[in-house]
Amino acid sequence: MKSRVIGIDLGTTFSCIAHLTDEGPKVIPNLDGMPTTPSTVCFTSSGEILVGNLASRQALSNPEKTIYAVKRLIGRKFKSAEVEEARSRMAYGLTEAANGDVLIRVDERSITPQEASAHILDYLRRCAEAYFGGSVNECVITVPAHFDDHQRQATKDAARIARLDVLRVINEPTAASLAYGLDRNPDGLIAVYDLGGGTFDISLLEISGGVFHVLATAGDDYLGGEDFDQRIIVRLISDFQSKFGVDLGSNPYSLQRLKEAAERAKRDLSFTQETEINLPFITSDPSGSKHLQTTINRATLEEWTRDLVDRTLPLMDKVLRESGFTPGQVNDILLVGGQTRMPLVRKRVGEFFGKAPNTQINPDESVALGAAIQSGILEGAMKDIVLLLDVTSMPMGIEVENDGFEKIIDKNMTIPCRKTKSFTTIENNQRRVRIHVLQGESPKASENTSLAMFDLIGIMDASAGIPQIDVTFEINADGMVKVSARDVVSGREQKIVVQSSSGLSEQQIEGIMLQEKQRTAAKSIP
Ligand code: AMP
């Protein structure tokens, strides 16, 4: 059996695709024959859109129109702390959309993060089509476990724009555990430590008789390899400033070269003790050209980044506490994401669990391989894996009086799930209640993420506190949410699928798809 459904790991820095064969899941190479593709899109001055390695190669000469790390922006508000931080370090421009979302500036126009991601997904689809020699239009796509509803929806929208039907959205660490579990007899407790380019996830799973049960998950969606690179960049800029009095950070061309050199140096230091950074002609001033040349050793990099690695420790503690286990009870620890190649990461994880982590699975490919396995589970093609039970990563509920947040769905509830709670009115003869759907861990509504808002109208006249309004949350296997509110006496009901209050409308998605079609059609006329 050779499935045409592809598993996609849409990473912050690299993406990977795979499919299921009779011999198991296999990575599909990109058009350059490589197993992973930089998640980079470049808009050239001649109007071409380049993706992957070609785009990365253009980054030096075209930094303002080379878009990378879009995953850090997708489904987020422009005014969020995360986007604020991203703005300070990205060579391309960001602006605010009318609905408060982030837009990426490309020349005179702006595009949504969904469109930028869609270019990457479209390229990956074309790689798969070249590989199969036929069309591909279905996928299983992975997202970080702690992605909220907006981010999941936005990722799905990106796939739609790239003409891919998403059969299932699964969490990255869960996908990695499927890849790990396939050829082994892994019954027991496993932890998946996933430190990629932009996000960190930790999940604890119990595997038993082919049932993969996620017990708890936690993460930091602003902690990844890019932050390690940034530590090197900041040092290089500051040293250069003291030596030459020139701020390399204010020049996008110099910044792009620094970024590439810092990332390369960081990778090298996972395998060597010392590495040289050599950037001739990095800038010039009236006194002539300036060159940057320095060496960094592994111990120095570890000193600069130790706090980043240590930020993962309390999250590991949290998932263990939430599921009632101790580090010593974990049978195996899987490392996922390129940044886990850093020796300091491996050392700290090993110290935490009291045993060395498993380094047998490929940290760059296991998520895509797991997504391909999930496609097989959906098609009933996997004999050994019976069931995958994932969990919610964040509590969900509604706003109540005095800026309160009433949880309806707890964190780490097994999905799909459904839960109802009863509420009442605050005023006499109140005919309408506003249901404000939120996701987050704070007891204050205003500190959580707003997912949607709707009104239930036509409540029967009654004194305050008498009506019974049942609010039901339903979460499907993709982690998408449906909320309904029902006045029990009148039987009146309002239901919504939580479509992000931000994000793209159906009309916008179709508009973008049409534009893309016209763009590609226009290009093919000789
Ligand atoms: P991923 O999103 O899983 O592809 O992870 C990509 C991140 O892993 C990037 O930040 C890379 O710089 C980082 N990475 C890849 N290889 C290494 C390595 N050998 N040492 C340290 N970090 C690495």
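In the side chain of lysine 266, an N or O atom is 2.7 Å from an oxygen atom of the ligand. Such a polar contact is a pair of N or O atoms within 3.5 Å; within protein, one must be able to donate a hydrogen and the other to accept it, and residues adjacent in sequence count only if both atoms are side-chain atoms. Serine 270 has a side-chain N or O atom 2.6 Å from a nitrogen atom of the ligand, and for threonine 13 the distance from a side-chain N or O atom to a ligand oxygen is 3.4 Å. The ligand alone exposes 490 Å², of which the protein buries 93% (accessible areas by the Shrake-Rupley method with a 1.4 Å probe; for residues, only the protein chains shown count as cover).

This is a predicted model, in which local features need pLDDT of at least 70 and side-chain atom pairs count only at pLDDT 80 or more, while totals for chains, interfaces and linings use all residues. Residues are numbered from 1 along each chain as its sequence is written, and side-chain values use heavy atoms, leaving out hydrogens and water.

How many residues surround the ligand? There are 15, and the closest are Thr13, Glu263, Lys266, Ser270 and Gln339; a residue is near a molecule or strand if one of its heavy atoms lies within 4 Å of it. By type, the shell holds two nonpolar, eight polar and five charged residues (Ala, Val, Leu, Ile, Met, Phe, Trp, Tyr, Cys and Pro count as nonpolar, Asp, Glu, Lys and Arg as charged, and the others, Gly among them, as polar).

Helices H6 (225-244) and H7 (252-268) each supply at least two residues of this shell, and H7 gives its largest share, three residues. Helices (H or I, at least four residues) and strands (E, at least two) are DSSP runs, numbered from the N terminus. The axes of H6 and H7 come within 9 Å and cross at roughly 120°, which makes H6 oblique to H7. Axes are lines fitted to C-alpha atoms, for helices over the stretch in contact, and angles run from 0 to 180 degrees between N-to-C directions. Angles under 35 degrees count as roughly parallel, over 145 as roughly antiparallel, 65 to 115 as roughly perpendicular and the rest as oblique.

The peptide bond from isoleucine 415 to proline 416 is cis, with omega near 0°. Proline 416 lies in the loop between strands S22 (414-415) and S23 (417-423).
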